[in-house]
Amino acid sequence: MDRTPDIDTQVLVVGAGPVGLMLAGELALGGADVVVLERRTGPLTESRASTLHARTMEILDQRGLLAELGTPPAGGAGHFGGTPLDLTTASPYSGQWKVPQVRTEELLEGWATRLGARVVKGHLLTELRTTERAVEATAEAEPGAGGAAATLRVRAAYVVGCDGETSTVRRLAGFAFPGRDATRELLRADVAGVDVPDRRFERHPKGLAISARGPGGVTRVMVHEYGATVGHEPGPVSFARVAAAWQRVTGDDISAGTPLWLNSFGDALRQVSQYRRGRVLLAGDAAHHQMPVGGQALNLGLQDAANLGWKLAAEVRGTAGPGLLDSYHAERHPAGRRVLDNIAAQALLLLGGAGTEQLRLLFGELLRKPRVRAHLAGTIAGVDVRYAAEPDGHRLVGARLPHLRLRTAAGPCSTFAVLRPGRGVLLDLGGRPSLSRATAPWTDGRVDVVAATPERDRPAPEFTCALLRPDGHVAWADGTVPELKAALRRWFGPPSRHRAGASGLRSAAAG
Ligand SMILES: Cc1cc2nc3c(=O)[nH]c(=O)nc-3n(C[C@H](O)[C@H](O)[C@H](O)COP(=O)(O)OP(=O)(O)OC[C@H]3O[C@@H](n4cnc5c(N)ncnc54)[C@H](O)[C@@H]3O)c2cc1C
């Protein structure tokens with residue numbers, strides 16, 4: 001950089017969409033200095049994702065954000081590629097929850113900035129240069145950016161591209177993005193002034209039709225004509241095109257309506273082959289591109305951020321052990337692949353014509369089997385993610401710790417609430433002093449020891465003592481002291497040589 005940077009920070013996050021804002025909050029909670037660069041000058045104006053799944057709600061609970069969100073309206077029954085699917089899972093937030101993306105972003109931006117993250121709006125990242133010790137970024141002011149500098153130079157130890165499906169960071173840093181382009185698409189319009197019946201994945205001889213009347217009398221229609229390929233009608237989606245397709249498929253005329261929002265979704269499927277290239281990382285849609293079937297794309301991205309934030313914060317604070325940051329790719333690439341495969345299978349069932357009828361019938365039959373239903377519901381909800389663990393370890397290791405109501409010296413609590421400070425937690429339900437003693441060299445702000453008793457819920461807890469990572473996944477459970485110390489080193493770095501201050505030892509969970 002040939003001039004002093006305007007901003008010097010530990011982590012630069014590019015993109016203040018939901019994933020960038022979640023990541024910024026996680027980084028700030030972990031003690032990192034973070035700046036978010038966003039091209040937009042104001043809130044989202046597009047109609048985008050509106051579904052939060054159970055695991056995302058749990059993550060928001062882990063950070064104490066649900067009280068501010070309130071209880072969102074339940075999103076009704078789920079589906080798998082258009083076939084009804086009961087999304088009940090072993091989560092207090094079973095099902096799906098309706099939260100417009102603009103509200104999710106507002107919630108996360110407020111949280112991240114309260115924690116100290118700085119969001120710089122109205123600047124478009126245009127250049128990125130990586131040196132041995134830093135990443136240097138250049139951003140140009142967008143029209144309407146107010147009195148901000150026309151060109152902003154930022155230096156950071158790490159850059160994370162959360163800049164969406166057309167990611168500039170991905171392109172500038174040379175990430176490989178293998179996969180396939182869209183061949184089929186679903187046209188969508190939010191329309192006022194039409195009166196059409198609600199249609200839930202209605203299959204007609206010529207195509208698929210979905211319609212739902214929302215608040216304020218606006219109807220969302222989605223339509224796909226079997227066999228129509230992407231680009232068979234060039235140019236941006238026009239209302240005339242949506243209305244004509246709708247009429248061909250359903251026979252109804254909606255052309256007199258007023259379109260408020262138009263777009264289309266293709267069934268393209270791509271995922272970067274590496275989530276990290278040195279000092280540059282990707283998360284959310286920048287790392288994976290998928291059809292937004294069943295609202296999984298946004299949830300997948302938020303879960304990337306929850307995995308990466310505490311690891312990158314530890315890295316820039318100098319407390320990370322070797323390999324911690326690389327575990328982000330090792331864990332999230334396969335988790336993303338699995339969701340992408342699931343989405344691709346759903347897209348096939350949803351948009352396939354008469355040729356896929358038998359497959360759909362077979363799927364409908366399978367979905368009535370309780371174990372198949374539970375398996376697919378767990379995947380869509382995101383509660384079944386299990387990061388690689390030793391095959392002979394406790395069965396909870398790698399999985400997210402399920403919800404339990406607890407009682408601590410400070411009062412009632414839960415397995416999610418103990419994670420609110422964003423640190424690791426040794427959750428001791430059995431009162432084994434040798435385990436808290438072994439953990440003491442990490443209780444310098446990296447790990448809390450929480451002694452608790454479970455409420456007499458059913459099912460009973462499957463462990464007596466567990467080490468939790470800040471993202472709620474189990475790092476160790478009910479093993480030996482040497483195994484506990486190995487897990488502490490792996491996830492929280494080397495032990496401190498000084499005895500921990502009292503601040504790190506909690507016999508009661510913070511609320
Ligand atoms: C038009 C559209 C409609 C969608 N509708 C649905 C839906 O109905 N249901 C559903 O489940 N999902 C939907 N999705 C998908 C869902 O919105 C995404 O999965 C989700 O937004 C991903 O979040 P993200 O933070 O990774 O990326 P984004 O939300 O795309 O955020 C990226 C941010 O980066 C900023 N940015 C981009 N480039 C730069 C740059 N060079 N410099 C600075 N800032 C930059 C952008 O302005 C944006 O704010 C839709 C997506 C799109 C694009």
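Three strands, in the order β11-β17-β20, form an open sheet with antiparallel pairing, where two strands count as paired if DSSP finds at least two bridges between them. At the edges stand β11 (179-180) and β20 (288-289), each with a single partner strand, so one side of each is left without a neighbour in the sheet. This is a predicted model, in which local features need pLDDT of at least 70 and side-chain atom pairs count only at pLDDT 80 or more, while totals for chains, interfaces and linings use all residues. Residues are numbered from 1 along each chain as its sequence is written, and side-chain values use heavy atoms, with hydrogens and water left out.

Strand β11 is joined by two bridges to strand β17 (residues 269-271), and these strands run antiparallel; G179 stands opposite R270 in β17. Across β11, β17 and β20 lies helix α8 (residues 326-351), which runs at about 180° to β17.

Elsewhere, the axes of helix α9 (residues 357-367) and helix α10 (residues 370-381) come within 7 Å and cross at roughly 100°, which means that α9 is roughly perpendicular to α10, a term for angles of 65 to 115 degrees. The contact (heavy atoms within 4.5 Å) is made by F363, L366 and L367 of α9 and by V372, R373 and L376 of α10.

Finally, R241 is found in helix α6 (residues 239-250) and is buried, with a relative accessible area of 8%, where buried means under 20% (1.4 Å probe, protein chains only). The side chain of R241 makes a polar contact with the side chain of E185 at 2.6 Å, such a contact being a pair of N or O atoms within 3.5 Å, of which, within protein, one must be able to donate a hydrogen and the other to accept it, and residues adjacent in sequence count only if both atoms are side-chain atoms.

Note on methods. Helices (H or I, at least four residues) and strands (E, at least two) are DSSP runs, numbered from the N terminus. Buried means under 20% relative accessible area, exposed over 50%, partly exposed in between (1.4 Å probe, protein chains only). Axes are lines fitted to C-alpha atoms, for helices over the stretch in contact, and angles run from 0 to 180 degrees between N-to-C directions. Angles under 35 degrees count as roughly parallel, over 145 as roughly antiparallel, 65 to 115 as roughly perpendicular and the rest as oblique.
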